[in-house]
Amino acid sequence: MGALGRVLLGLQLCALTRAAYKFWVPNTGFDTPANWNQNRTPCVGGAVQFPADKMVSVLVRESHAISAMLLPLDGELVLASGAGFSAADSGSDPDCSPDAPALFRNPDRFSWLDPHLWRSEEARGFFSLDAERVPCRHDDVVFPPDGAFRVGLGPGAGPLRVRSVSALGQTFVRDEDLAAFLASRSGRLHFHGPGALSVGSEACADRSGCVCGHAEALPWLCAALLQPLGGRCPQAACRDALRPEGQCCDLCGAIVSLTHSAAFDLQRYRARLRDAFLALPQYQELQVAVSRVPRRSRLRQADTEIQVVLAESGLETGVAGRLARALVADAAEHGEALGVLSATLRESGAPVGGDSTEGQNAPGSRAGLAGGVVAAVLLALLALLGTVLLLCRTGRLRWRRQEDAEPAPAGTPSGFSNPVFFVETSEEPPPVQPPSPTLKLDSSTSRSYFLNPLFATEAEA
């Protein structure tokens, strides 16, 4: 093969492979204010103290005048061109307290599995899921070229594996070379912990994308991410919030899941999203993540799917749902050309405390209302049943069948007690007689009688 053939082959391989770069953000520089307990570099005439039991490599870029310095048992100070230290009296700076030395923060606080500590290049309007913010197995990892960093490699669910590691002016693509570096003193100054790091994975050659491979490490990853928040996710601002595959916490918006054929091109679909949808004014507040993830349901034929996460970052709600429905309609119309076989969507509910019509008509709100009505009816039935059982147990409520009732004794008058005159009236009164105008009263007795026009009997007053 000639030189031209090798160049063409290299260009084809570059087009087929899709390697992402992940850059390590924090450093252990002396001139970085965040590395000191007072969030500022040591003042003139101040005392400096490093952790005695920690290994650290510190880069010094500027000149500093200090009164004292306590160095670690094992470490190094790397002086850049023009940098240095000089002695100064402890009272040179009135704002510098001689009794409070500047303490260098623990250099072992940075973990490989912390998504906060990595940076990747993302197009405008796109973001990475939490699991994909940490280097995936097909990614190239780049550390600061000046060597001012320290990374913790564990604990974790398994060994960390990436495509390549660039550190201290070297790029490691073979496990043998990386293992020799990690065992050296320079390697121990920059990498620590019980975890294992290896390289040699191939770049993603599948144009439909590759799974990141952090499913087992996700609990450790989320623990590091949520540590500044006390280990708990913040409350989502909507009802029925969604948690995408590879995300640590719930979010508001919508998720579109695509099943695809071998003709699907992930980069082409991302470009279509950017140019045909996200460029529209009504969708510019949305943040979108598109990646290939393991399918939630193991019962389906395919093991992976394309997950499109539409996160709402502005005050307006319902925008993600509208875009999700537009993407489903686009897949139905152009699915064959895009390599999309089917599309389904999930949408979060109304904002917490919101009363918008669109939010009230959302499926989550209707389901919540129906569930509340059913629960109220069940509670009412249980309360009624409990009341009846209580009355029966206390004897206040009894019932008998008519044929089981005891017959009344012979001769017992069938009547009721008159609460006014304290006499019993017959159930079968004699014929009603009109009142006589010659009614006589016997005043010799203590009883008086009159004719009751209602029951036509005598009542004793």
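**Aromatic pairs, cores and an open sheet**

The structure holds 18 aromatic pairs, a pair being two rings of Phe, Tyr or Trp (its six-membered ring) with centres within 6.5 Å; planes under 30 degrees apart count as stacked, over 60 as edge-to-face and the rest as tilted. Take W24 and W118: their ring centres sit 4.9 Å apart with the planes at 75°, so this pair is edge-to-face. It links distant parts of the chain, with W24 in strand β1 (residues 21–24) and W118 in strand β8 (residues 118–120), 94 residues apart. Helices (H or I, at least four residues) and strands (E, at least two) are DSSP runs, numbered from the N terminus. W24 is buried at a relative accessible area of 5%, and W118 counts as buried at 7%; buried means under 20% relative accessible area, exposed over 50% and partly exposed in between (1.4 Å probe, protein chains only).

All of this comes from a predicted model, where local features need pLDDT of at least 70 and side-chain atom pairs count only at pLDDT 80 or more, while totals for chains, interfaces and linings use all residues. Residues are numbered from 1 along each chain as its sequence is written, and side-chain values use heavy atoms, with hydrogens and water left out.

F143 and F191 are both buried, and they form an edge-to-face pair with 5.3 Å centre to centre and 90° between the planes. F143 lies in the loop between β9 (140–142) and β10 (151–152) and F191 in strand β14, so the pair ties together parts 48 residues apart in sequence. Ring pairs join W24, W112, W118, F143, F149, F172, F181 and F191 into a cluster.

Several of these names come up again in the largest nonpolar core, which has 31 residues; W24, W112, F143, V151, F191 and L197 have the most contacts inside it. A nonpolar core here is a set of buried Ala, Val, Leu, Ile, Met, Phe, Trp, Tyr and Cys residues joined through side-chain atoms within 4.5 Å. The elements giving two or more residues to this core are β11 (160–162), β12 (164–167), α3, β15 and α5 (218–226), and α5 gives the most, with 5 residues. Setting aside neighbours within four places in sequence, V151 is in contact (heavy atoms within 4.5 Å) with W24, F110, W112, F143, H190, F191 and H192. Another core, of 25 residues, lies apart from the largest one and has Y269, L286, A320 and L323 among its members.

Helix α3 (residues 175–183) has L178, F181 and L182 as its buried residues. They cover an arc of only 95° around the axis, which puts them on the same side of α3; the arc is that of the directions from the helix axis to the C-beta atoms. The face turned away from that side carries the exposed residues E176, A180 and A183. The buried residues of α3 pack against β13 (170–172), α4 (185–190), β14 (191–192) and β15 (197–199).

Then there is an open sheet of 4 strands, ordered β17-β18-β16-β19 with antiparallel pairing; two strands pair if DSSP finds at least two bridges between them. The edge strands, β17 (286–294) and β19 (340–347), each pair on one side only. β17 is joined by 9 bridges to β18 (residues 304–312), and R292 has I306 of β18 as its bridge partner.
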